Every structure is written in structure tokens, then in C-alpha cells.
Amino acid sequence: MAAPRKNALIVGASRGLGLGLVETFLKRGWRVTATQRKPSPDLAALASDALSVETADIDDDAAVSALHQRLAGQRYDLVFVVAGVATQAHDPAHDVPRAVAAQVYLTNAISPIRFAERFRDRLAAGGSLVLMSSVLGSVGLNESGGWETYRASKAALNTLALSFEIRHRAENLSVILMHPGWVRTEMGGPEADIDVETSVAGMADVIEARLGRPGTAYLDYRGETLAW
Ligand SMILES: NC(=O)c1ccc[n+]([C@@H]2O[C@H](COP(=O)([O-])OP(=O)(O)OC[C@H]3O[C@@H](n4cnc5c(N)ncnc54)[C@H](OP(=O)(O)O)[C@@H]3O)[C@@H](O)[C@H]2O)c1
């Protein structure tokens with residue numbers, strides 16, 4: 001008998017890496033629930049029996065609660081929060097308006113953790129929670145500076161994710177903080193090192209190889225462990 005299809009929830013899938021992850025997991029035979037903030041023609045173009053599309057902004061607690069309700073009864077082998085922003089990432093922290101810096105922190109660090117807390121009861125036994133981090137979130141690997149408020153938000157995500165997993169350690173949660181590489185998306189820009197296909201294929205390999213492994217790992221798309 002064939003193994004049951006695995007089930008993924010991919011959050012922030014309208015474009016870029018989230019969209020690429022949806023495409024990849026569908027090709028690998030998974031069922032995918034993908035979220036967007038507003039209708040995404042690219043996501044709609046992937047329509048199939050294996051894909052359901054939901055709408056939610058991760059900064060909107062009521063929308064996340066409503067999504068949680070709509071998906072009651074579902075269990076996911078993978079919950080992957082991909083959504084993130086890099087607003088005014090090129091300005092030094094002191095030049096970024098307080099409200100903008102606060103919003104980057106909320107979207108990149110607080111909202112993913114609130115989402116994780118809300119959806120941890122939707123993780124299947126042997127499943128993993130993956131949060132999209134960045135190598136720029138590593139304090140130890142920061143040798144070039146720049147991207148200051150963005151870096152700080154991803155460093156905050158890393159520390160909050162580790163604390164989240166420690167707080168729930170009795171549940172043996174499997175948490176991965178993922179660096180996708182420097183990727184040619186709207187955020188990564190045209191000069192980035194790799195294309196979306198290379199990044200998402202690598203991330204999917206890493207995730208499938210360690211699905212359900214308890215603890216928190218900070219990994220890149222090739223499976224290399226990154227320094228905190
Ligand atoms: N590209 C890179 O080189 C790189 C490197 C390291 C880490 N990352 C991380 O990878 C993730 C995806 O990046 P990307 O390159 O694919 O960026 P992107 O092309 O700019 O896409 C960002 C995605 O996040 C969604 N999003 C933003 N704020 C959201 C919110 N409040 N609620 C729900 N969805 C929201 C966007 O939705 P809308 O279409 O509605 O705006 C879009 O789907 C981010 O977390 C980013 O920090 C990227």
C-alpha cells in the first residue's frame with residue numbers, strides 16, 4: 001500500500017520562495033495548503049486537487065485565529081512560515097523611522113512565533129515547524145554589517161524560536177530555522193547567488209530528511225548548520 005500523502009501548510013506563498021516551495025512540495029506528491037494576503041495569480045495558476053489556498057495576514061491575530069478555525073481537523077507534517085519583509089533594509093537602524101523598524105520586527109519575529117504557538121496543535125506527530133530565517137540573523141557570522149533592522153529581526157526570530165521550542169520541550173517539537181541562500185526574488189534582487197528552484201529544492205531535501213527530528217536546528221538550504 002502507498003504511504004499516505006504528506007501534508008504541508010506554507011504561509012506567505014503568493015510569490016518568491018513561498019510560491020516556489022508550494023510548487024516543489026506539490027511536485028513531490030504532498031498535499032499543500034498555501035496562504036496569501038490577497039489573491040495571487042501565480043498561486044492560482046498552480047490549482048490542483050492537492051492544493052488549497054487560504055487568505056491570512058500573519059500580522060492580523062484575528063485572521064490567524066480564523067485560519068486556525070478553518071483548518072480545524074487538519075494535521076500538517078510541515079508548517080512553514082515563509083512570510084517576511086525587508087522594509088528600508090538598506091538604511092542604518094538610526095535612520096529607519098521607529099514605526100518602520102517596529103513593523104519589520106513584528107512581521108519577521110513576533111508574527112511567526114505567534115503563528116507557531118497558534119498552530120502547534122495542528123502539527124502531525126513526526127512533523128516539523130520551519131521558520132524562514134536568514135544567515136543575516138546570525139550574530140556570529142555578521143562580518144559585513146548592513147541590513148541592520150532586518151538582521152536584528154531575524155536574530156530575534158532565531159532566539160524566540162529557540163525559546164519557543166525549549167518552552168515546549170516536553171512535546172519533542174521539531175523546529176528548523178531556515179536560511180534559503182541569497183535568492184533571486186523581489187527581496188533578494190537580481191544580483192543574488194541562486195535562483196528560486198535551487199533554493200526550494202535544497203530546502204525541501206533538508207526538510208524531508210529531518211522531518212520530526214526533535215530540537216531546534218539553524219540550517220541553510222544545503223543542510224549546513226549555521227552559527228548563532
Ligand atoms: N530572497 C532571499 O535572498 C532571502 C534570503 C534570506 C531569507 N529570506 C526570507 O525568505 C522569506 C521569503 O522571501 P522572498 O525572497 O520570497 O521575498 P518576497 O519575494 O518579497 O516575498 C515575501 C512574501 O512574504 C509575504 N508576506 C509579507 N508580509 C506578510 C504578512 N504580514 N502576512 C503574510 N504574508 C506576508 C508576501 O506576501 P505579499 O505578496 O502579499 O506581499 C510574499 O508572499 C522571507 O522571510 C525572507 O526574509 C529571503
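Buried means under 20% relative accessible area, exposed means over 50%, and partly exposed lies in between, with a 1.4 Å probe and protein chains only. The model is predicted: local features need pLDDT of at least 70, side-chain atom pairs count only at pLDDT 80 or more, and totals for chains, interfaces and linings use all residues. Residues are numbered from 1 along each chain as its sequence is written, and side-chain values use heavy atoms, with hydrogens and water left out.

View 1. The protein chain has 6 helices and 7 strands. Helices (H or I, at least four residues) and strands (E, at least two) are DSSP runs, numbered from the N terminus. Along the sequence the pattern reads β-α-β-α-β-α-β-α-β-α-β-α-β. The C-alpha trace spans about 55 × 40 × 35 Å along its principal axes. The radius of gyration is 17 Å, which agrees with the value near 17 Å for a compact globule of 228 residues. That radius is taken over C-alpha atoms, and the globule rule is 2.2 Å times the number of residues to the power 0.38. Of the 228 residues, 49% count as buried.

**View 2. Strand β6 is enclosed.** All 6 of the 6 residues of β6 (residues 174-179) are buried, so the strand is largely enclosed by the rest of the structure. In a regular strand the side chains alternate between the two faces of the sheet. Both faces of β6 are covered. Ser 174, Ile 176 and Met 178 are buried on one side, and Val 175, Leu 177 and His 179 on the other.

View 3. Two strands pair if DSSP finds at least two bridges between them. β5 and β6 run parallel, joined by 4 bridges. Met 132 stands opposite Met 178 in β6. β6 and β7 (residues 215-220) also pair in the parallel sense, over 6 bridges. Here Leu 177 has Tyr 218 in β7 as its bridge partner.

View 4. A crossover is right-handed if, with the strands pointing away from the viewer, the path from the first strand over the helix to the second runs clockwise. β5, α5 and β6 make a right-handed β-α-β unit. β6, α6 (residues 196-210) and β7 make a left-handed one.

**View 5. A cavity is lined by residues of α4, β5 and α5, among others.** On a 1 Å grid over the protein atoms alone, a cavity is a set of points where a 1.4 Å probe fits but cannot get out; lining residues have an atom within 4 Å of a point. Grid points are joined across faces, edges and corners, and a volume is the space filled by probe spheres set on the points. The search of the whole structure finds 1 cavity of 30 Å³ or more. The largest cavity has a volume of about 30 Å³. Val 81, Ala 83, Asn 108, Pro 112, Leu 131, Met 132, Lys 154 and Leu 157 line it. α4 (98-119), β5 (123-132) and α5 (148-167) each supply at least two lining residues.

**View 6. Gln 88 and Trp 147 have positive phi.** Gln 88 lies in the loop between β4 (76-81) and α4. Its phi is about 50 degrees, although it is not a glycine. At 31% relative accessibility, Gln 88 counts as partly exposed. Trp 147 sits in the loop between β5 and α5. Trp 147 also has a phi of about 50 degrees and is not a glycine. At 24% relative accessibility, Trp 147 is partly exposed.

Notes. 1 Å grid on protein atoms, 1.4 Å probe; cavity = no way out; pocket = protein on both sides within 12 Å on 5 of 7 lines; lining within 4 Å.
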